[in-house]
Every structure is written in C-alpha cells, then in structure tokens.
Amino acid sequence: MAVAVALIVFAGFAPTFYLRPFFHAKPLTPLVVFHGILFTTWIVLFITQVRLVAGGRTDIHRKLGVFAACVAVLMPIIGTLAAIASAKRGFTPPGGPPPLAFLAIPLSDMVIFPILAGLGLYFRKRSDFHRRFMLLATLAILTPAIARIPMIRPYGIPAFFGVTDLLILIALFYDRFRRGRYHPAFLYGGFLIILAQPAKIMIARTYIWHRVAEWLTR
C-alpha cells in the first residue's frame, strides 16, 4: 500500500510539481512549493517508516517518528493556507463546484488528517492500531493526487472519492482475509473518511459555508 501511495502521488503531481519545468513555464508560489515539499516529506516518511519496521529497525522508526510528528502538526496549517490561496485563484477540479464551495473539501481533509494521524501517534505503543491509523491518515490526503491523474480527472469528484474509497476497502478486506476479522481502526477510521465525503459536499452547498469561504478568501 505504501508503494501504491507513492506511485499515485507521483502520477498525480508530476506535471504540476515534480516535473513542472517540463510542462509549465510559470513558477509556483513559495507557499505552494513549501506545501508540496511538506506533503511529499510525509509520503517519504511513511514509506521509510514502513520499511524500517519490516526490517526490524524499530529503534530508528521511533526516533524518526518524532520528526514525523512535527511534520504532521505542520501539514494541516500549511494545507489550510494553500487551500485558501487556491480558492482565491479560482481553482476547482473538472466538473467541480465553484471555487468557494469546493474549498470545503480540502479544508475538511485538513481536519480528518490530524484526527487520524493523532490517533496513530496516541496508539504508538499499540502497533496494530498505530500502523492502520497512519495508513488511513495518508489515504485521507491522497484524493488531490488521484484527482490529477489524467485517466481519472475527466470523471470528476465522484471518481476522485471512489478511488480513495477503493483503496480503503482493499485494506479493510485484505485485513479481514488475513486476520479473520475487521480491525476496529480500519472500520472506524475508514468509515470516517468515506462518510465525510458526502458531508463535505452537503456543507459546501450551504449558505453559511459560502459566507465563511468568502471571509476566508477576502
């Protein structure tokens, strides 16, 4: 799953970030660059931490976890600022709602991610909970990368959420097949992500949210 996450992130953001000089002449703003570096750091840390545990190097895993926790704290802050700046520029995905309405979706992700990552850190001494919550926290921020993959982009928000949900369900059912039962971390954390998706769309359509979004982008 860590490898799949890395491939999806690269496939989604290669044209606009990792390989941007080959596709776009206009440089990115410092905020967007920092946002990209910070979130890429999380993906690299996730893969590294998985590999360290698989190799039995839990001592290094724990030390690196302190740095990962600092990155996790920064991500919602920078992610929120980047989302607001994107709304100011008028960004919305293909087939998406107007920019101010769409802003509800990335900002909601910046609430869900710290909840799941925080649970992962809280249960750091319970490896079965810890690794599942960390995986779910990573999957929770994967939708923007999925939305930028050319073969998925034309199908709009339902497809973006659908692929995210598919990854969660693969993890859930693989766990069920391997362990003989569903792990509560996957059940509660996974359904938090899935059930939040229609809630984001409902919130985005409300008058109150529109006023909040206007205030945030003013």
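1. Accessible areas here come from the Shrake-Rupley method with a 1.4 Å probe, and for residues only the protein chains shown count as cover. On that basis the protein has an accessible surface of about 12200 Å², with 72% of it belonging to carbon and sulfur atoms.

2. A quick word on the basis: this is a predicted model, where local features need pLDDT of at least 70, side-chain atom pairs count only at pLDDT 80 or more, and totals for chains, interfaces and linings use all residues. Residues are numbered from 1 along each chain as its sequence is written, and side-chain values use heavy atoms, with hydrogens and water left out.

3. On the fold: there are eleven helices and zero strands (DSSP runs numbered from the N terminus, with helices being H or I of at least four residues and strands E of at least two). The C-alpha atoms fill a box of roughly 50 × 35 × 30 Å along the principal axes. For 218 residues a compact globule would have a radius of gyration near 17 Å, and the protein agrees, at 17 Å (taken over C-alpha atoms; the globule rule is 2.2 Å times the number of residues to the power 0.38).

4. Of the 218 residues, 42% count as buried (under 20% relative accessible area; exposed is over 50%, partly exposed in between, with a 1.4 Å probe and protein chains only). Among contacts between residues at least 6 apart in sequence, 65% join residues at least 24 apart; contact means heavy atoms within 4.5 Å.

5. Helix 4 (residues 58-88) gives the most, four residues. I77, in helix 4, is partly exposed at 47%.

6. H130 sits in helix 7 (residues 127-140) and counts as buried, at 15% relative accessibility. Leaving aside residues up to four places away in sequence, H130 touches H61, G120, L121, F123 and R124.

7. The structure holds nine aromatic pairs (rings of Phe, Tyr and Trp, its six-membered ring, with centres within 6.5 Å; planes under 30 degrees apart are stacked, over 60 edge-to-face, the rest tilted). F10 and Y18 are stacked, because their ring centres are 5.8 Å apart and their planes at 25°. F173 and Y182 are edge-to-face, at 6.1 Å and 70°. Ring pairs also link Y122, F123, F129 and F133 into a cluster.
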